[in-house]
Amino acid sequence: MALFLLIVWGLVCAPPVHTPSIDEANVVDTSPQIERPFRLVVTGEAEDWLPALSTLIAPEYVELQRVDDDRELMDVVQSRGADAAVLDDQVKWAIDGLKLLRMIRRFDQSLPVVVVTRHGDSRFLQSALKLRAYSVVRAPLEFEQLVRQIHGMMIRMDRMLRRGRPGEDPFAF
């Protein structure tokens, strides 16, 4: 009888044990775990699309930043404040687009840079690609083109991060 009372007392005083139901046990969180947004710095013509981009892409996924001059762009690059850039070579800055891309490459070999240009000659295209531009897009820049470029850069960045190989160039083929 004493044993029976001890067992009952233990059941009454013991904290309740939660056993998950079948529905609770099978729930899987499929929402993406975002540590920080993809940081995109834009110049020139791409700046016109910032309002549309910020309504299309939630700020927790992409942080859009515009820069006013070549110094500000280089400060962002040197501080590793961008994951990618859209560089318009027609911006009236002290340094032209190809020289600026060359300067970017001195600090960051793997930063994806989309070059927006009005140049039609093959020499410009070859020079930009030799400087490892992510892509070269002819101006005028269409919204769909910009979204495709951003999407492609984000996919490649994600692949690199999933591989977990620091220092590896995610944009090498």
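Buried means under 20% relative accessible area, exposed over 50%, and partly exposed in between (1.4 Å probe, protein chains only). This is a predicted model, where local features need pLDDT of at least 70, side-chain atom pairs count only at pLDDT 80 or more, and totals for chains, interfaces and linings use all residues. Residues are numbered from 1 along each chain as its sequence is written, and side-chain values use heavy atoms, without hydrogens and water.

**View 1. Tryptophan 49 and phenylalanine 143 form a tilted pair.** Rings of Phe, Tyr and Trp (its six-membered ring) pair if their centres lie within 6.5 Å; planes under 30 degrees apart are stacked, over 60 edge-to-face, the rest tilted. The count is 1 aromatic pair. Its ring centres are 5.1 Å apart and its planes at 45°, so the pair is tilted. Phenylalanine 143 is buried at 16%. Tryptophan 49 is partly exposed at 26%.

**View 2. Aspartate 83 forms a salt bridge with arginine 39.** A salt bridge puts a side-chain nitrogen of Lys or Arg within 4 Å of a carboxyl oxygen of Asp or Glu. Here the closest N and O atoms are 3.2 Å apart. Aspartate 83 is buried, with a relative accessible area of 7%. Arginine 39 is also buried, at 19%.

**View 3. Aspartate 108 forms a salt bridge with arginine 80.** The closest N and O atoms lie 2.9 Å apart. Aspartate 108 is buried at 12%, whereas arginine 80 is partly exposed at 48%. In a network elsewhere, salt bridges with shared partners join Arg36, Arg39 and Asp83.
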